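Please look over the sequence and the model shown here before reading on.

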Amino acid sequence: MSDCIFCKIAAGDIPCNKIYEDADVVAFHDIRPIAPVHFLIIPKLHVASLADCGPEHEALLGRIMGLVPKLAAEQGMSAGFKTGINTGRGGGQEVFHLHVHVFGHKG
């Protein structure tokens with residue numbers, strides 16, 4: 001989507017503090033962190049929200065969730081972390097491109 005900020009980040013058109021990238025996803029630090037460590041994992045494929053996912057997205061969702069503990073450990077969250085997926089306006093979603101928040105403290 002041409003007006004989606006996360007699509008622009010995924011395409012490399014907008015800079016970010018990137019911590020991971022592969023053919024399907026990008027992970028980067030949140031610009032408004034709610035914890036000492038707070039990053040997002042987004043698919044490069046534009047999907048507006050978790051509510052828009054279907055069976056065809058299962059592998060992508062699995063890929064994203066499989067990266068969470070690996071990236072959390074690399075970011076120093078050895079004692080644990082939280083994840084969150086805000087879905088829809090009522091769920092607090094502000095950017096309508098699926099993203100997983102991972103946040104916590106180092107140690």
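## Basis

The model is predicted, so local features need pLDDT of at least 70 and side-chain atom pairs count only at pLDDT 80 or more, while totals for chains, interfaces and linings use all residues. Residues are numbered from 1 along each chain as its sequence is written, and side-chain values use heavy atoms, with hydrogens and water left out.

Helices (H or I, at least four residues) and strands (E, at least two) are DSSP runs, numbered from the N terminus.

## Nonpolar cores

A nonpolar core is a set of buried Ala, Val, Leu, Ile, Met, Phe, Trp, Tyr and Cys residues joined through side-chain atoms within 4.5 Å. Buried means under 20% relative accessible area, exposed over 50%, and partly exposed in between (1.4 Å probe, protein chains only).

The largest nonpolar core has 15 residues, and Val-25, Phe-39, Ile-41, Leu-71 and Val-102 touch the most other members. At least two residues of this core come from each of β2 (25–29), β3 (37–43), α2 (58–74) and β5 (100–104). The largest share, six residues, is supplied by α2. Another core, of nine residues, lies apart from it; Cys-4, Phe-6, Cys-7 and Phe-28 are among them.

## The largest pocket

A pocket is found on a 1 Å grid over the protein atoms alone, as an open set of points where a 1.4 Å probe fits, with protein on both sides within 12 Å along at least five of seven lines; lining residues have an atom within 4 Å of a point. In the lining of the largest pocket are 23 residues, and Phe-6, Asp-30, Ile-31, Leu-40 and Val-95 lie nearest its centre.

α1 (5–11), β2, β3 and β5 each supply at least two lining residues, and α1 gives the most, with three residues.

## Two loop residues

His-99 lies in the loop between β4 (82–84) and β5. This residue counts as buried because its relative accessibility is 6%. Its contacts (heavy atoms within 4.5 Å) include Phe-6, Leu-40 and Gln-93, not counting residues up to four places away in sequence.

Ile-34 is placed in the loop between β2 and β3. Ile-34 counts as exposed because its relative accessibility is 62%. From Ile-34 to Tyr-20 there are 14 residues in sequence and 20 Å in space, C-alpha to C-alpha.
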